[in-house]
Amino acid sequence: MEGDVMDKVEATATVCDFDPISGSIPATKVEITVSCRSATEPSRAQSICFLAARATLQLSDKMALQYQQFYDRDSVTARKTANQGVLCCRNLLDRDTFSKSDPLLVLYTQGAECKQWREFGRTEVIDNTLNPDFIRKYILDYFFEEKQNLRFDVYDIDSKSPDLAKHPTDFNDFLGQVHCTLGEIVGSPASRLEKPLGGIPGKKCGTIILSAEELGNCRDYATMQFCANKLDKKDFFGKSDPFMVFYRSNEDGTFTICHKTEVMKNTLHPVWQPFSIPVRALCNGDYERAIKAEVYDWDRDGSHDFIGEFTTSYKTLCRGQNQLNVHEVVNAKKKIKKKRYINSGTVSLLSFNVESEHTFLDYIKGGTQIHFTVAIDFTASNGNPSQSTSLHYMNPYQMNAYAMALKAVGEIIQDYDSDKMFPALGFGAKLPPDGRVSHEFPLNGNIENPYCNGMQGILDAYHQSLKTVQLYGPTNFAPVVNHVASYAAAVQDGSQYFVLLIITDGVISDMAQTKEAIVNTLGRGSPEIPSQVNRFTLSEAELSPSASSEAQEQGALTHSRL
């Protein structure tokens, strides 16, 4: 195994040379530091990354990044480099009576055209601390020629509700905020910006520190497992509750947290669960760079007891389970006080494995075809197609809303399908000749072959359907989702990626069935299906966040408004 892993390390240079769409940022995963794009030239893209609250932040919306990179044609030709850094919060307000605050950091971005703040992502909650070390990471795009405003809000979280709408006016929960720009961070001396948190009159809310460091292009993920032996006993009525914290060394000699293990209760011989982490998060592509690991005894009040630490490197970890990866855990202060002190235990590497992460472009280059299906809402809530107020209005001089949505998405998708034949479905209409209601009918009228030739073929079939069917209802999505899923389930070799575009004007009527259909496409109770559902809303109707959260978290459902 040692030889295989080291061969992998040597071969990484060829992986890093691969660029076009992601370069340093995988297009299919985003568990990496907040990054932005800048350049030696204003039009070139470069990535910058930030870690949060003495910590790192993580973006969970993987599909948003995948689509951004998928549609960003300029990024295909511009080679990207990435940067990573640190964002620290210190001396936060203490809002809890019998303990310390439980902080959470939320990042908001502001659009270039509209000045509305939009939540970009949030960290996990850290219990009982005024100096949180977050692990989750964000990704941002930075453009040299644009002013990109950022807002960081810090909250004390005392409930499990994800709704932060009331927190800004509730000073029992709100801990402060700071405004800055990406250019302000990047342009600061040594790319390090320190600003006071504000937002609460008459209160000192602490400080926030942002810095940046260039991020390598390595797209490997390392999976490893550790155990410890004979750790120091720290609890009076028990043993210890040990956990490990890993830090990556920075170019200025400081360290940035990159991973924290789970807590193992009441043991001096813990065996932690395996974990996966991007190699760039461990060493930023520099295999000789120091990696520091600290071992703590967990305490409920957040005042964790330091047991000891050791340093290693990615190159050493790659050697796998051997004597070089048995590390003495040393407490320097204890070593000075006690002459006979040897160590506070040992930590051993049990297993180590490296895998490369493939991007969307990798699959396209490998021959994967996008199987695009569109489903159009023919419910009566769209209005009479003969009236100009209808979303289906057949204006002889311009496209209606449905046709524009079809054209906008379809003209991009069709470039990745060799035969340009696309199934087109409708739902929520009464069909001739008997007037039965259908939530899964072919626009071209051919049940055996619902395929249309190119985008023009879909538009022709759509206009023909408007002349023959009667708009009715309700707005059921599940039948068309299951229709596409049945085709996707038959393709398990990665040769096709199935995308279902649903264009609608209203609220989903069969929400429970739709959720079940979408989640099932992800492999719950069935083989994992390479597919994705996208919903375009042509009115003010919204998809209920609580109702769709499970599917959205799995990355199978995205929602946009035209």
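Buried residues account for 54% of the 562 residues in the chain, which is a predicted model. The secondary structure comprises 13 helices and 27 strands. Of the contacts that link residues at least 6 apart in sequence, 71% join residues at least 24 apart.

**Strand β3 and its partners**

Strand β3 (residues 103–110) has eight of its eight residues buried, so the strand is largely enclosed by the rest of the structure. Pro103, Leu105, Leu107 and Thr109 point one way from β3, while Leu104, Val106, Tyr108 and Gln110 point the other way, and the residues of both sets are all buried. β3 pairs with strand β5 (residues 149–156) in the antiparallel sense over seven bridges, and within β5 it is Asp153 that stands opposite Val106. With strand β4 (residues 117–122), β3 again pairs in the antiparallel sense, here over five bridges, and the bridge partner of Leu107 in β4 is Gly121.

Strands of a sheet pair through backbone hydrogen bonds, in either a parallel or an antiparallel manner. An open sheet is formed by four strands in the order β12-β11-β14-β15, with antiparallel pairing. β12 (255–260) and β15 (305–313) stand at the edges with a single partner strand each, so one side of each is left without a neighbour in the sheet. On average, and with direction ignored, neighbouring strands of this sheet are turned by 30° against each other. Within the sheet, strand β11 (residues 242–249) and strand β14 (residues 290–297) run antiparallel and are joined by seven bridges; Met244 has Val295 in β14 as its bridge partner.

**Two helix pairs**

Two packed helices are described by the angle between their axes and by the distance between those axes. The table gives these values for two pairs.

| Helix pair | Angle between axes | Distance between axes |
|---|---|---|
| α11 (residues 478–488) and α12 (residues 511–520) | about 15° | 9 Å |
| α9 and α10 (residues 454–468) | about 160° | 10 Å |

With angles under 35 degrees counting as roughly parallel, α11 and α12 are therefore roughly parallel to each other, and their crossing is left-handed. Their contact is made by Ala478, Val481 and Asn482 of α11 together with Gln513, Thr514, Ala517 and Ile518 of α12. By class, this contact of α11 with α12 has four nonpolar, three polar and no charged residues.

For the other pair, the angle of about 160° makes α9 roughly antiparallel to α10, and α9 passes α10 in a right-handed crossing. On the α9 side the contact is made by Tyr402, Ala403, Leu406, Lys407, Gly410 and Glu411, and on the α10 side by Met455, Ile458, Leu459 and Tyr462. The residues in the contact of α9 with α10 divide into seven nonpolar, one polar and two charged.

**Asn382 in its loop**

Is Asn382 buried or exposed? Asn382 has its place in the loop between β18 (369–377) and α9 (401–413). Its relative accessible area is 3%, and since buried means under 20%, Asn382 is buried. Leaving aside neighbours within four places in sequence, Asn382 is in contact with Asp377, Ser390, Leu391, His392, Tyr402, Leu471 and Asp505. One of these, Tyr402, also takes part in the contact of α9 with α10.

Note on methods:
Residues numbered from 1 in each chain as written. Predicted model: local features only at pLDDT ≥ 70, side-chain atom pairs only at ≥ 80, totals over all residues. Heavy atoms only, no water. Helix = DSSP H or I, 4+ residues; strand = E, 2+ residues; numbered from the N terminus. Buried < 20%, exposed > 50% of the residue type's maximum accessible area, 1.4 Å probe, protein only. Contact = heavy atoms within 4.5 Å. Pairing = 2+ DSSP bridges. Axes fitted to C-alpha atoms, helices over the stretch in contact; angles between N-to-C directions. Parallel < 35°, antiparallel > 145°, perpendicular 65-115°, else oblique. Left-handed = near helix turned anticlockwise from the far one by under 90°. Nonpolar A, V, L, I, M, F, W, Y, C, P; charged D, E, K, R; others polar.
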